[in-house]
Amino acid sequence: MPKLTIRSFATLGELLPSKNMEVSTSATTVQQLIDFIAKEYNPRFKEQIIDPKTGKVHGLYKIFVNGRDIDFVDRLETKLKDGDNVAFFPPVGGG
Amino acid sequence: MELKLLRVNLSKETIKEEKVDAATTKKFVGGRGIGVKILFDELKPGIDPLSPENKLIFMTGPATGTAFPACGRFHVITKSPLTGGIGDSNCGGDWGPELRFAGFDGIIFEGKAESPVYLWIHDGEAELRCAEKYWGKGIWDTEDGIREELSNPKVKFAGIGPAGENLVLNAAIINDKHRAAGRTGVGAVMGSKNLKTVAVYGTGKPQVADPEELQAAVKKAQEKLEKSAITNESLPTYGTAVLVNIINESGIYPTRNFQTGVFPTASKTSGEVIKETVLVRKKACWGCPIACGRVSRVKNPPYQTDGEGPEYETTWSLGAMCGIDNLEAITKAHNICDELGIDPISFGSTVACAMELYEKGLIPKEKLGGLEPKFGNPQAIVELAWRTAYRAGFGDEIALGAKRLAEKYGAPELAMHVKGLELPAYDPRGVKGHGLGYATSNRGGCHLRAYMIAPEIVGVPEKLDPLKTEGKAQWVKTFQDIFSICDSLVVCKFLTFALSADDLKDLTNPITGWNWTTDDLLKTGDRIYTLERMFINREDFDRKDDTLPPRLLKEPMPEGPVKGHVADLEKMLDEYYKVRGWKDGKPTKEKLKELGLA
Ligand code: SF4
């Protein structure tokens, strides 16, 4: 099964057993990966990120696949492959 | 609304009160706007910034010390000794509001005192006092000493440490012990005037035109600030260094003097780790509901320290920029900068430049007094902070800033600066609009004239693709104009994570009684930005200076998510001049007429 690295930051990092995990999963899209994480680790992770009304990522939450914001790829349908690095961020700002 | 200023001639030891009339105040607001107006009108082009001919202006604005959220700020404006152009820096803490409570909106210093002095302002009175016994002392001892001398524990200070006294070109003015008006070498100008500090205490209250309407606007603004997960959650919980991870994951975290945008151990210095390790508690500037400040402590040697920070920028400049991931050393170096009065961004960047020069064999070992300035050496950054403030040994060369240092050793391309000011913590090869912001910033390499990271990474007020250039010029201009207003009111730019230009206008009108539309607000910002440009045009800055270091324009990012990208500037620059009404970096006559500047 393909292996993915999952990194979750700030408040999201506190919802998973580790902020930096390697998982084997059959998920081939970001949406499937989020469903997988919700089922295997913590359903709250998905509730935080996905707006149940729209099924889209909540405003200002961000998901990067290999450093690229999925909003500029194929959003939740962005494809995943073996070795990909997926990063999840709650709203963050500074300067 | 008029403004009341003090004009202090240090050579003649005279102090006079004067007014900024209502029409000029409406045109330039306060803070940065009024500061650049005074500088433009009163300074002869070409003067030496460290001569008595330069002026050093401390300004608050109409919002400072009122109910406007996050208004505990002030602005310092002068001609920069680091860049030769406009020098200015904005700062939080308590000092700005205190100046207004004492009855003044700003102070213009001119000339040079014969021997060290400080200015003591208290409830409408001002006097120059001898500061000889504090000269040579750090910021913290000076504040404590003068508080005792004045027998008033509530006095607030904005002053210099040894770095400013020794005319270190990246010297800061520090207020309230830990807040830095850091950029462009304003501390060196203060040192050149033999002015140690400005002590203020007041019991008054700034007047506002319509207190009830202001309360209503504040309530609305507060609701928005509470609803924003950035201003209500991430900034107070993790501080500004919450950005470390997302910027590093985006591949734009400048590492080892911008040689790459990926620092593999960046997370060891992130806001999350700061929270778990050195953080004692969060802290707010006066009147700020956000509280992004950090009070911190390192308990054990060798980097034991009590103080504040680090912030996102210092975590980077004293960290990844120098290849360092030791949070305790970074916190220690940050505190040395606060205590001795150094701008940590310019200082860290200059050390990084020295590290690259050294690793390339361009700085001979005997110059270094036993130091080993290699990337990743935490001891070097701590040691060099001391040496720079006192201009001891190789610190004397770090005191020059990156541009002069790299030129001295025959490799000017290794200084990561724009117009002589060292760049901050985002690599523009992967955030194209932000690069245009750096290039066109009037004060030089700076992220606070146009913070394109907000739309290009954070997604506020809307998300823009960081790798595209289309339409970015207009965005940069709008940001520059809004931030000119923030710096002139004077309020914190972090408000704009939750509040729009409309909201800023709704908060300003009840204070000033101006009846601004949002267009009026933007046009006023445009006027201030353009006047600054006129100031630097007079000092020979134009299109040739609206650029980026050659590394960022020519060397593709070597790795990470933005591998292969360079900063695309020229096309955006043409578009930018068009939307600004400028030609080759200079405002056109028509534009000046339109803005009432001709
Ligand atoms: S947001 Fe942070 S920097 Fe801005 S005023 Fe508040 S505490 Fe100060």
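Biologist: What makes the pair B:Lys419 and B:Asp546 a salt bridge?

Modeller: The model is a predicted one. In it, the closest N and O atoms of B:Lys419 and B:Asp546 are 2.9 Å apart.

Biologist: Which parts of chain B does the domain assignment give?

Modeller: The assignment for chain B lists domain 1 (3-201), domain 2 (239-421) and domain 3 (429-547 + 568-594). Between domain 2 of chain B and domain 3 of chain B the rule finds 1 salt bridge. There are also 7 residue pairs in polar contact between these two domains, both residues being at pLDDT 80 or more.

Biologist: How many residues from domain 2 of chain B and domain 3 of chain B does the contact take?

Modeller: The centres of these domains, taken over C-alpha atoms, are separated by 28 Å. The contact takes 15 residues from domain 2 of chain B and 23 residues from domain 3 of chain B. A residue is included because it has heavy atoms within 4.5 Å of the other part.

Biologist: How much area do domain 2 of chain B and domain 3 of chain B bury between them?

Modeller: They bury about 1,300 Å² between them, with 71% of it on carbon and sulfur atoms. In domain 2 of chain B, the residues losing the most area to domain 3 of chain B are B:Val418, B:Lys419 and B:Leu421, together 46% of what that side buries.

Biologist: Let us turn to the two chains. What makes B:Lys463 and A:Asp69 a salt bridge?

Modeller: Their closest N and O atoms are 2.8 Å apart. The limit is 4 Å, so this Lys and Asp pair qualifies. Across the interface of chain B and chain A the rule finds 5 salt bridges.

Biologist: Which element gives the largest share of the side of chain B that touches chain A?

Modeller: That share, 6 residues, comes from α8(B). By class, this side of chain B has 19 nonpolar, 6 polar and 8 charged residues.

Biologist: How much area do chain B and chain A bury between them?

Modeller: Chain B and chain A bury about 2,200 Å² between them, 59% of it on carbon and sulfur atoms. In chain B, the most area is lost to chain A by B:Ile246, B:Glu249 and B:Lys463, together 28% of what that side buries. The contact takes 33 residues from chain B and 24 residues from chain A.

Notes. Residues are numbered from 1 along each chain as its sequence is written. Chains are lettered from A and ligands numbered from 1 in the order in which they are written. This is a predicted model: local features need pLDDT of at least 70, side-chain atom pairs count only at pLDDT 80 or more; totals for chains, interfaces and linings use all residues. Side-chain values use heavy atoms; hydrogens and water are left out. Buried area is the accessible area (1.4 Å probe) that two parts lose on being put together, summed over both. A salt bridge is a side-chain nitrogen of Lys or Arg within 4 Å of a carboxyl oxygen of Asp or Glu. Helices (H or I, at least four residues) and strands (E, at least two) are DSSP runs, numbered from the N terminus. Ala, Val, Leu, Ile, Met, Phe, Trp, Tyr, Cys and Pro count as nonpolar, Asp, Glu, Lys and Arg as charged, and the others, Gly among them, as polar. Domain bounds come from an automatic or database domain assignment. A polar contact is a pair of N or O atoms within 3.5 Å; within protein, one must be able to donate a hydrogen and the other to accept it, and residues adjacent in sequence count only if both atoms are side-chain atoms.
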